[in-house]
Amino acid sequence: MDADYLRDLADLVLRMLHVVAGIAWIGASFYFIRLDLGLTPPKEPKEGVAGEYWGVHGGGFYHSQKYKVAPPTLPDHLHWFKWEAYTTWLSGFALLIVLYWLDADTRLIDPTVADLSVWQGVALSAAGLALAWLVYDLACRLLIEDRLVAIAVIALVAVSAFAAGELFAARASYLQVGAMLGTIMAANVFVVIIPAHRELIRAKQEGREPDHLVGLRAKQRSVHNNYLTLPVVFTMLAGHFPLAFGADHAWLVLIAIFAIVAAIRHFFNRWHTGKRDWWILAAAGVAAAALAVVLAPDDVDTSKAPNDELAKAIVIDRCAPCHSGINAPLGVRLTNTEQMQEHANKIVGLVKSGVMPPGNTTAMTQAEREQLVAWAAAHG
């Protein structure tokens, strides 16, 4: 079978699995944080119960209870929430390999950004995943206060965003940061949260008093994961938005978006405790509006637009090698003037930002880039 077809097929299957598993994982995170923050003291005291939560959904009432540490006796059936996290990370990691590591010279590295060989780019990407977890985990273990951990995580994200922008292609840099944060989240589940649950269960089975600190450490990592969900979701989608990853100082744009979506997440977490901090939502809205203004593209000087034949010649030489088949990237085929006019707005955004051609594999000159953008702006 054709290699491109097999890659597209793997992309479809893995992406679908990744999205569905991610929905389940993030949904569980949102629900349990909502549940935990909404707990109230039980009206009828029950041994070991710290709080209860009443809800109505799907035509029925639900009554949830949370124990301070563990119930007096373990139930016969205990549901584990772990495979959502594992499946999300494994499918995402597989996508990273298939789309970026196996096609690193086109998608991962850009010679105009950094002079890296394929193996160097892949090695740096892989090392970034491991390093992100090691630094984060060390911060959690050494720093006592959550505020200090938050500062450390913010610094880690800032350094990672800057480094990724200096090492990888524009689109890949955002995905790299998201993969690093996703690795932190999955490792939290695998290394800290699930082992803590196993220890609590083992203590009950052995007749020992469970150590409440084990549960508290797991809860800390669970809350951290909750705040990382929206930043990671954005990086999953960011490849479709060259106005963000193709912007000047794109790493600062990424940090700004992370701050905005994390603030929105914090607003709702506060809401779950009964607090209505509307100023947080208002500040996030103002920040988003300001960012939109900053990202607004400059007007293109269409007076420099070449004629149709010259523009078509540029496209045939620099774009058509990839954008001529039925599996053309982004579904954009550029084999004639009509198709060029149909996708003129996309040409402006992708070519002007330097995202296309990826890694400038077809050696488009700056003069050709300016001419093609001017032509597309005149026909968009």
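Reader: In which helix is Val-232 found?
Author: This is a predicted model, in which local features need pLDDT of at least 70 and side-chain atom pairs count only at pLDDT 80 or more, while totals for chains, interfaces and linings use all residues. Residues are numbered from 1 along each chain as its sequence is written, and side-chain values use heavy atoms, with hydrogens and water left out. Helices (H or I, at least four residues) and strands (E, at least two) are DSSP runs, numbered from the N terminus. On that numbering, the helix in which Val-232 is found is H7.

Reader: Is Val-232 buried or exposed?
Author: The term buried means under 20% relative accessible area, exposed means over 50%, and partly exposed lies in between, with a 1.4 Å probe and protein chains only. The relative accessible area of Val-232 is 12%, and because this is under 20%, the residue counts as buried.

Reader: Which residues does Val-232 touch, not counting residues up to four places away in sequence?
Author: Contact means heavy atoms within 4.5 Å. By that rule, and with residues up to four places away in sequence set aside, Val-232 touches Gly-178, Leu-181, Gly-182 and Met-185.

Reader: With which residues is Thr-235 in contact, leaving aside its neighbours within four places in sequence?
Author: Thr-235 is found in helix H7, and it is buried, with a relative accessible area of 3%. Once its neighbours within four places in sequence are left aside, Thr-235 is in contact with Tyr-174, Leu-175, Gly-178, Leu-254 and Phe-258.

Reader: How do H6 and H9 lie relative to each other?
Author: Axes are lines fitted to C-alpha atoms, for helices over the stretch in contact, and angles run from 0 to 180 degrees between N-to-C directions. On this basis H6 and H9 pack at an angle of about 40°, with their axes 11 Å apart. Angles under 35 degrees count as roughly parallel, over 145 as roughly antiparallel, 65 to 115 as roughly perpendicular and the rest as oblique. The orientation of H6 and H9 is therefore oblique.

Reader: How many nonpolar residues are in the contact of H6 with H9?
Author: The contact is made by Tyr-174, Val-177 and Leu-181 of H6, together with Ala-250, Val-253, Leu-254 and Phe-258 of H9. Ala, Val, Leu, Ile, Met, Phe, Trp, Tyr, Cys and Pro count as nonpolar, Asp, Glu, Lys and Arg as charged, and the others, Gly among them, as polar. The contact of H6 with H9 has no polar and no charged residues, and its nonpolar residues number seven.

Reader: What is the handedness of the crossing in which H5 passes H6?
Author: The axes of helix H5 (residues 146-167) and H6 come within 8 Å and cross at roughly 145°. A crossing is left-handed if the near helix is turned anticlockwise from the far one by less than a right angle, and right-handed if clockwise. The crossing in which H5 passes H6 is right-handed.

Reader: How many polar residues does the contact of H5 with H6 have?
Author: Here Leu-156, Val-157, Ser-160, Ala-161, Ala-164 and Gly-165 in H5 meet Ser-173, Gln-176, Val-177, Met-180, Leu-181 and Ile-184 in H6. By class, this contact of H5 with H6 has eight nonpolar residues and no charged ones, and its polar residues number four.

Reader: Which residues of H4 make the contact with H2?
Author: Helix H2 (residues 83-101) and helix H4 (residues 118-142) pack at an angle of about 160°, with their axes 12 Å apart. That angle makes H2 roughly antiparallel to H4. On the side of H2 the contact is made by Phe-93, Leu-96 and Trp-101, and on the side of H4 by Val-122, Ser-125, Ala-126 and Leu-129.

Reader: How far does H1 reach from its first C-alpha to its last?
Author: Helix H1 (residues 3-37) has 35 residues, and the expected span of a helix is 1.5 Å times one less than its number of residues. For H1 the expected value is 51 Å, and close to it is the reach from first C-alpha to last, 50 Å.

Reader: Which residues does Ala-376 touch, not counting residues up to four places away in sequence?
Author: Ala-376 lies in helix H14 (residues 366-379), and at 0% relative accessibility it counts as buried. With residues up to four places away in sequence not counted, Ala-376 touches Ala-344, Ile-347 and Val-348.
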